[in-house]
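Subject: Structure handover

Dear colleague,

Please find the structure below, with the sequence alongside. My notes on it follow.

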Amino acid sequence: MASTGLQHSNPAGSRKAQLFQLRDVYRIYGEEPVAVHALDGVSLDIHAGDFMAIIGPSGSGKSTLLGLLGCLDLPSKGSIKVGPTEITDLDDGERSKLRGNSIGFVFQQFHLIPHLTALGNVATALLYRDLTKSEIHQRALEALSMVGLAERHDHRPVQMSGGEQQRVAIARAIVTEPLMILADEPTGALDTKTAKIVLDIFKNLQDENRAVVLVTHDLEIAEQMDRVVSMRDGKIIADDLRSERTDALEDRFWESASGSKLE
Ligand SMILES: Nc1ncnc2c1ncn2[C@@H]1O[C@H](COP(=O)(O)OP(=O)(O)OP(=O)(O)O)[C@@H](O)[C@H]1O
Ligand SMILES: [Mg+2]
């Protein structure tokens, strides 16, 4: 953890630690004249304690933004700091290390390894840590019990429901005790009842030292988050806090989804 410069406490005082700082970030795929401007000048700060949704129509840049936050990708232009570290200055190995130490990522389609058990899948996140086999086993089991799946630790993905597989994927994301948990449509492949169980797990992960960021199409989910960032055409068009928002979020969601212009 020390190598990332990120720490679990915030000795500077009551102000919440800044976990991400994006300034004028662009992500352009391909070359002109057919280049796609997936992110078009995004600036965003995310602090410890943030419990945040990213919403917006398909193609608005949500996954691109989350991939950059997750250090899975680099911007074409602009600055991204994770804690004090500018990620565009890191090489691939350093970026993977930062990701492995500080960030837990959950995908819509779970991305579990089919031939490994639930426990084996969770344990993959700890393989590069300096831990004994039995410590890895213990921590993976603890993470599985946090998502209510300790008893299913020896099941393989094919033997589990979609909701259970997503809970294993969440256990894999949290077993490293990351300061940032990022999830791209984590309930997108689940039925409503199972989606609620998964959302409740994310709610339990809310912590003053940690940021939880979910991309979602589901307004009911977004409404349960403390902060909602709305995107359109690669830009952030609104950033609403629960304490300040009223019915505006619903209007914003539908206006954004229908592509009509926002004031
Ligand atoms: N690897 C890529 N190569 C080229 N274009 C891409 C690539 N990834 C994304 N894009 C384009 O960038 C834009 C933003 O895509 P992104 O996946 O971030 O949108 P999204 O908001 O997550 O959409 P959805 O809700 O459908 O998941 C889209 O126009 C998409 O086609
Ligand atoms: Mg997406």
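To begin with one helix: the buried residues of H4 are covered by, among others, helix H3 (118-123) and helix H5 (162-174). Please bear in mind throughout that this is a predicted model.

The residues of H4 that are buried are Ala140, Ala143 and Leu144. They lie on the same side of H4, because the arc they cover around the axis is only 100°. Ser134, Glu135 and Gln138 are exposed, on the other side of H4. After H4 comes Gly148, with a positive phi near 75°.

As for the whole protein, the secondary structure consists of eight helices and ten strands. Of its 263 residues, 39% are buried. If one takes the contacts between residues at least 6 apart in sequence, 70% of them join residues at least 24 apart.

One is an open sheet of six strands with mixed pairing, in the order E6-E7-E8-E3-E9-E10. One bridge pairs Met180 with Ala211 in E8.

The other is an open sheet of four strands, antiparallel in its pairing, with the order E2-E1-E4-E5. E2 and strand E5 (85-86) each have a single partner strand, so each of these edge strands has one side without a neighbour in the sheet. Strand E1 (residues 18-29) and strand E4 (residues 77-82) run antiparallel, with five bridges between them. Phe20 has Val82 in E4 opposite it.

Is Val42 buried or exposed? Val42 belongs to strand E2 (residues 36-47). The cut-off for a buried residue is 20 or more other C-beta atoms within 10 Å. Val42 has 24 C-beta neighbours inside 10 Å, and therefore counts as buried. Apart from neighbours within four places in sequence, the contacts of Val42 are Leu22, Val25, Leu65, Lys235 and Ile236. For Leu65, which is 23 residues from Val42 along the chain, the C-alpha atoms of the two are 8.7 Å apart.

Last, the ligand. Around ligand 1 are Tyr29, Gly30, Val36, Ala38, Gly56, Ser58, Gly59, Ser60, Gly61, Lys62, Ser63 and Thr64. E2 and H1 are the elements that give two or more residues to this shell. H1 provides the largest share of the shell around ligand 1, with three residues.

Regards

Key: Residues numbered from 1 in each chain as written. Chains lettered and ligands numbered in written order. Predicted model: local features only at pLDDT ≥ 70, side-chain atom pairs only at ≥ 80, totals over all residues. Buried ≥ 20, exposed ≤ 12 C-beta atoms within 10 Å, placed from the backbone. Contact = placed C-beta atoms within 7 Å. Pairing = 2+ DSSP bridges. Arc of directions from axis to C-beta. Near = placed C-beta within 6 Å.
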